[in-house]
Amino acid sequence: MITRLLVANRGEIARRIFRTCRSLGISTVALFADPDADAPHVAEADLAVRLRGARPSDTYLDIDRIIEACAASGADAVHPGYGFLSENAAFAQAVLAAGLTWVGPPPAAIEAMGTKITAKRLMEEAGVPVLPSLDLTAPAEFPLLVKASAGGGGRGMRIVREARELAGEVESARREAESAFGDPAVFAEPLLERARHVEVQVLADTHGTVWALGERECSVQRRHQKVVEECPSPGVSPQLRERLCEAAVRAARSIGYVGAGTVEFLVKGDRVAFLEMNTRLQVEHPVTELVYGVDLVRLQLEVAEGAALPPVPPDPSGHAVEVRLYAEDGDYLPQSGELRRFEVGGDVRVDSGVESGSVVSPYYDPMLAKVIAHGSSRAAAVRKLVAALREARLHGLTTNRDLLLNILTNPAFVAGDTHTGFLAPDGPVHAGVPQRTDEPPELSALAAALALAAAHRRRAPVLAGLPSGWRNVRSQPSRACFAGIDVVYDPLPGGVVTVSAEPHRVVLERDDVRHTFEIAQYDEDGTVYVDHAGGHAELIPVPRLPEPVEHVAPGSLLAPMPGSVLRVEVAAGDRVTKGQSVLVLEAMKMEHRIAAPADGVVSGVHVEKGQQVEAGAVLAIIQEGNP
């Protein structure tokens, strides 16, 4: 029997596992690197063990230190979460060799599915349909998809449409795979465009029972990483569902699988092709839990203790949809810094690794939370999810909330017509398109101006009894200037009446309709956050007397995020063309290419390979034209 469980992971999944452990009376142990010392998952555990190391992102992968942490904390079992170690056979073997309970599949099963190349061969032998592998030196067809053999999560994946791109993309995929997984092996398959990404949740015990808990639709992706998941898939018929579940059970049985896992497929029309098997709990497991009424973590723990599953799984009920809320901008670039306010309400489940005041570091994946809704129908679940996202209070960091709302309200998504190209430039949804709101931005800016004026009067007691904008000589209207928008708040625009105006709450009435705005500003002269029933706005005040600022030279290429310089591809004096790669940054173990914005000459390179840079740092300077 498990009495004290160490979770060899961090953030959201650690908190998720701790929640089940508390309900079962199991003591918990957290691990943390220095940047996570104040993280919520550390505070919620009964015990926490610091992992020291030169690179914070690597400390969670140190097998020897984690086994030592088990001994130091008295843990008798290990759950790997869904990090890289969850699919590391050597880690599973080390846990078992230390006399601990391993909450996961047998090392041999992890090893069998550990590389996609081996997994494809084993699945083909087991009768599971697969895509053909292509010769990387002379592929027979384009477009194709280069994939890392080890790991997943979109790392080490590249789409290649023309032969001239192949060598460079293969080399880039190999570097990223080596960085992320310690294994540079890659392979290629035909690219099935506009296919669905569908996966089947399996659960197996040591007594020969294997469950298939339906399928999840995971087609909406960016950078080959999932953004929206749902259960069941709107594009899978009962007959296709039966085929998928039978193939998933066959796959699990063929490798002697035990515990929770996921078998992933591409589906296009009637064609089904095996992608990979994830020998762990998936990020998107909550949608299956809500539809099937199960706690997959609890079942994992019970199976690890030797319990038998019932002969058949429970029946599904309703529909569930999950979105991944990331700290990232419209170009999918990760953001770091303090999350001033994080509040998500409504009839939804929120699995998060952060809370108000948390610091999002540049060392880890930028996912803030998963927001999941369950309803009697797909439409009901989506409606709950849209309402929760619109009403959420997310201050301090740029997030992908608008993108998620655009997806959920897009007619193609509403119709269930999703595929892996949904977020492509020519897909139904384009990243960075502003979410429509019920009120024009001028009304939010007006509310912000009135709130700031009220706050100013409170800071100056002599003005406290005077109306907003009062002056001896009313020769000019009172106005507030925000980046991109100016607003006059005294006199008010025609048809607008101020019901109340306080520093943190403004109520306006326009054409007999009353609107309430919540206002937050955390730093004087800082961003003003406006939340209301129709949406949200972030407004940056423009000071009347701006402070001197440091200007960068024209043509400067700035770091879009904190990271490490992986490679510099030009030197001072080189001539470059628009779109040519100048250097490559690595952030969160993914490559980010910095390209020349125009034709020109490199007048300076300000960084070198291996150098750590902050967001906004000057990387290189391109003089446009023909100097």
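Pro491 is placed in the loop between β22 (485-490) and β23 (496-502), where strands (E, at least two residues) and helices (H or I, at least four) are DSSP runs numbered from the N terminus. The peptide bond that joins Asp490 to Pro491 is cis, with omega near 5°. The model is predicted, so that local features need pLDDT of at least 70 and side-chain atom pairs count only at pLDDT 80 or more, while totals for chains, interfaces and linings use all residues. Residues are numbered from 1 along each chain as its sequence is written, and side-chain values use heavy atoms, with hydrogens and water left out.

A cis peptide bond also runs from Cys231 to Pro232, with omega near -5°, and Pro232 is found in the loop between β11 (225-231) and α9 (238-254).

Most residues other than glycine have a negative phi, and most peptide bonds are trans. Arg194 lies in the loop between β8 (186-190) and β9 (196-204) and counts as exposed, at 54% relative accessibility.

Asp365 occupies the loop between β18 (359-360) and β19 (367-375) and is partly exposed, with a relative accessible area of 35%. The side chain of Asp365 reaches the backbone nitrogen of Met367 at 2.9 Å.

Note on methods:
Buried means under 20% relative accessible area, exposed over 50%, partly exposed in between (1.4 Å probe, protein chains only). A polar contact is a pair of N or O atoms within 3.5 Å; within protein, one must be able to donate a hydrogen and the other to accept it, and residues adjacent in sequence count only if both atoms are side-chain atoms.
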